[in-house]
Each structure stands twice: as C-alpha cells, then as structure tokens.
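Please read them with the sequence and the structure side by side.

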Amino acid sequence: MDIIIENLTKKYGNQKAVDNISLKVATGEILGFLGPNGAGKTTTMKIITNFISADEGKIFIGGKLLSDNYSEIKRHIGYLSENNPLYQDMPVIDFLNFCAKIQGIEKSRIPGRVVEMIRTTGLNHEKHKKIGQLSKGFQQRVGLAQAIIHNPEILILDEPTSGLDPNQIAEIRKLIRELGREKTVILSTHILPEVEATCDRIFIINKGKIVADGTAETLRKQAKGSDILKVKIEDGEPDKIFKSLQTLRSVSMVDFADRKLNRFDIHCIDTVAKRDIFKLCVDNKWVLTEMTPFETKLEDIFRELTLN
Amino acid sequence: MKTIWIITTRELNSFFDSLIAFIMIILFLGFSGFFTWISGSDIFMVGQASLRSFFGIAYWTLFFFIPALTMRLIAEEKKSGTIEMLLTKAVTDRQVILGKYLATIILICIALAFTLPYVITVSKIGNIDTGGVICGYMALILMSAAYTSIGIFASSITNNQIVAFLMALFISLFFHIIFEVIAGGMTGLIGQVVNSLSVTVHFESLSRGVVDSKDLIYFGSIIFMGLFLTEISLSKRNSYS
C-alpha cells in the first residue's frame, strides 16, 4: 500500500504545525522522517494514523481517501507512537492478546501470532511480567510488537529506537529493514546515522514545511555542490604547492588544513580532480601521501537546512 | 459488537486487577448492608417484608460510587497517552466508549447481584412483592446507567481524574437533588418540567413498582445524551499533542 499526502495543513490555534506538505511513499519504501523538535513530524504521523484530523489536504492510502475509509484503512496500519503509551498494569502476553483481538486477527491464529511477536522482539523472559515493570528498552519492544502484530502493510514508527541500548538499536534496525521489504514504513528519528542505516529515502521538514526530500546521496550533493578532498603532499614548498593546486582546472578552491604538515582541503568541481592532483605531484616530484574524499555528514546537511 | 466486547473485557479485567472493583463492591455492600440491616430506619423498623429501605440507601451509595468508577475511564487513557495507541487500532471512538461504558455497568450489576441474599432473607421473613423488587433493581440499574453515562462524559473532557470525579458528581447532583429542590420553589409548567428532570421522581415511581414508559424514556435520554456528548468530546482531540 502506498501513501499519498496532498497539501496537508494542520493548525494548532494560529500556529501551523504542518504547512502544506505533499508527499508520496511507495510500497516497500522506508522513509526517514527528520526534523528538529516541533517541526511537525509527530503531527503528520498522527494525521496519517487518523488519530487527529487535518485542517486541509487529503491523504490517500492504497488509493483510498483516508477520511472516508478510515475504519478499513486503520486495519492496515501499525503505529508506534512517540512516547510508546502502553497499559502499564497489563502483563505483556495479555496485552499482545488484547491487541491481536482488537485488530481483528482470527481467533485460531492469535496464539501463534503472539508467540511469534514475542520471539521476534526478544521478549520471551519478560512475557509474564507487567508492562510497567519492564525497562524502557523492553517496553519499546512491546510497543513495536503491538504495532506489527496484525502484520500491517503500513508501519508508522515515531522514534522507534529511543531508549534502546546499542545492541537493541541494531536489532530493531535490522527488524525494520526486514519489515520494510514488503511494507511501507515511515519512521521518524533524531538519530541521523539511523536514517542512513535504515531508510531508502529521507524527508526533512522544518517548521511544518518540507526542506528536503531524497536519498542520502542526493541530499549530500545538493547540500555541498562540490566534493572535498583532504590531501597531504610532501617534499615541496607549501606555498608553491598551494599555488599550483589552485591553477588546476578541476579545482575550485584550495585551503590550508595544516601548513606545517602540508595538508590541504581541496574543493573539486570535476571528478578528474583526483587524477589532476596526482599528475601534478608526479610532474613536480612531490609525494602524495594522503588523499581522502570527505563526505558531508548528514548532521551538517540537517543543520544547514533547519537552522536559519 | 465483538470489538466492543473485547474492550469491555479488558476494562473489566483492569477494574479487578487494580482492586478498584473489589474495593467498590466491599464498600458498596458495607454501606448499604449497614444502613439496610443495622442502623437508622432499617428494614426491621419498617415492619414490612420490603426492600424499599435498601433501594433508598443504594440510591445514595451508587450516586457517590459511580463517579469514582467512571473517573478513570477516559481521563486516565488521555493522561497516559494510551488513548492514542487504542484509537489508532481497528476500533472506532464509539466502540471504545461503549466498551468502557458496558464494563462499568457490568461491574455495577455484579455489585448489585451481591445484594440478592437480601432479597432471599427478606422473602423468608414475610411475603415479598416480587414485582416491586424486580422494579427496584431495574430502577437502580437504570439510574446507574444514567450516572455512568454522565461520568464517562466527565471523564472524556479532562485528563485529570479528580476533575473528572468532581465534574461527574457535580452534574449528577443536579439530577439527583438540585432539580427537585428548584422545582419545589416553582409552580406551573416550568416547575413541572424541572421536576420531571429530577432522577428522584422517576426513580421513586419505578421502585414503587410502576413501570411507566415516561421513566424509561427519561433514563434512556440521559444515557443517550451522556454517551453522545462523550463521543463528541472524544473526537475533539485535536488540541492536545
């Protein structure tokens, strides 16, 4: 099932939490939803899950208008909300049984499904404990289990890895990746490496507006415009090297990273820059001892797009 | 219907797991038992094989206990955020409200069922008016159903349980006594209208053993209004995030 959002707007009083957002998520795509606090991520997710209604705009899920077909569409959505609210006084297994029943799973399939969820999320030793007694990480697993118990075609996960330890994060990411093969997944997070690790596509919003949409690769290209190479060239006068580097056609700008150690940051506009630099060194009998392509971090892109 | 029942059973389990149900049943039986059999104008004072005094006492005990049962129904879920988890599942607002409502009514019926030994005891003492007893219980259940719907509405407009409790008590108080008092000072049509809004009037006539469609319509409309307003109030969840 795909998700199509058209011109979505949501106001809280006078403040626009979501401002005219349009978005398409294809079946089998994992979309990473990024944005600073208060950008409108959670609001958008709450609207997609039909918990709150939009002021303007339409949402189509699997080709059907959400506001007219929500009771049918909701069956196909699994949702893990931001603070992972759960019935604290219920034992894990009872809670999952309740969720399975309410999602309309056939009675005969419920026990199998619950056991499967407990196994997938690694809750076997905790299954008889009350949810309130579990640590945050285990509660997060219960939250994930309740979201996927009815095998939904769409998964909406609001910060799924918050409160988990690094091992658990890796497990959950793997799980999301696996689920994402057949399902449409939207996940929001503050952890940027997580987006790169799990998502096919990144969607950044700020103050309710879209500021970026694309893969990590395209975002990088958009953000910096040119590649940066870190090089170290030995056996030569720093100033002379600096000048000769600047004369290269494929190089737009050269900076001293460290003058004493002959280190330079080179902004290139062409992919042949690496070859040109190498050739320059050979011609001048300099020794090229380091050449590292420098990737703009997603953090920098994020900061650039959302700070103004 | 199946979905409503799933919510009802969860809610009932939660009543019993959190001991609310036990406390409520014990207190209800304690109060009504004490005043029915031991103290004040009890059954023995009346000198008749009748449960009228018990119905009069339950009329008041239920009035106080029902807001205590209903206050958490929605307010608690709003506060903890579980309402979001619940309503984004394959349920409608109405199913959730009806499920919770039904659970409370069942709990009250269970509490009332524990007073059936009173009926047996009294029937051994003398000739009991079976029809009157049935009508009395019916009046209690209808009154409880009306107050529960008010209580669930109060619970839906706030996420603070204490506020929900006081609101429910406040609104119920109008039906329970204030309308009657106001009507006492009025004459003519307005007096009649206000008087007919009072639960007391309808309760008395029912528990006297007279089943009048007016009374049934009266309780039915309070229940409907309460649940209807709850649904509206629950659907207006846009303002909190």
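1. Two residues are taken to be in contact if their C-beta atoms, placed from the backbone, lie within 7 Å. On that basis, and leaving out residues up to four places away in sequence, A:L96 touches A:V114, A:M117, A:A145, A:Q146 and A:I149.

2. This is a predicted model, in which local features need pLDDT of at least 70 and side-chain atom pairs count only at pLDDT 80 or more, while totals for chains, interfaces and linings use all residues. Residues are numbered from 1 along each chain as its sequence is written, and chains are lettered from A and ligands numbered from 1 in the order in which they are written.

3. The model scores ipTM 0.87 and pTM 0.85. For chain B the mean pLDDT (the predictor's confidence in each residue, from 0 to 100) is 89, and 97% of the residues score at least 70.

4. A residue counts as buried if 20 or more other C-beta atoms lie within 10 Å of its own, as exposed if 12 or fewer do, and as partly exposed in between, with C-beta atoms placed from the backbone. A nonpolar core is a set of buried Ala, Val, Leu, Ile, Met, Phe, Trp, Tyr and Cys residues joined through C-beta atoms within 7 Å. The largest such core has 133 residues, of which A:F95, A:L96, A:I156, A:V185, B:M143 and B:A146 touch the most other members. Its largest share, 14 residues, comes from α8(B). Another core, of 13 residues, lies apart from it and includes A:L229, A:I233, A:V251 and A:I266.

5. In α9(B), the buried residues include B:F165, B:L169, B:F175 and B:F179, and what covers the buried residues of this helix includes α4 (52–80), α8 (130–156), α10 (188–197) and α11 (199–207) of chain B.

6. Between the chains, 23 residues of chain A are in contact with 20 residues of chain B. On the side of chain A that touches chain B, α3(A) gives the most, with 4 residues.

7. A:K127 lies in the loop between α4 (110–120) and α5 (136–148) of chain A. A:K127 is partly exposed, with 17 other C-beta atoms within 10 Å, and, neighbours within four places in sequence aside, is in contact with A:V92, A:I93 and A:I118.

Definitions and conventions: Helix = DSSP H or I, 4+ residues; strand = E, 2+ residues; numbered from the N terminus.
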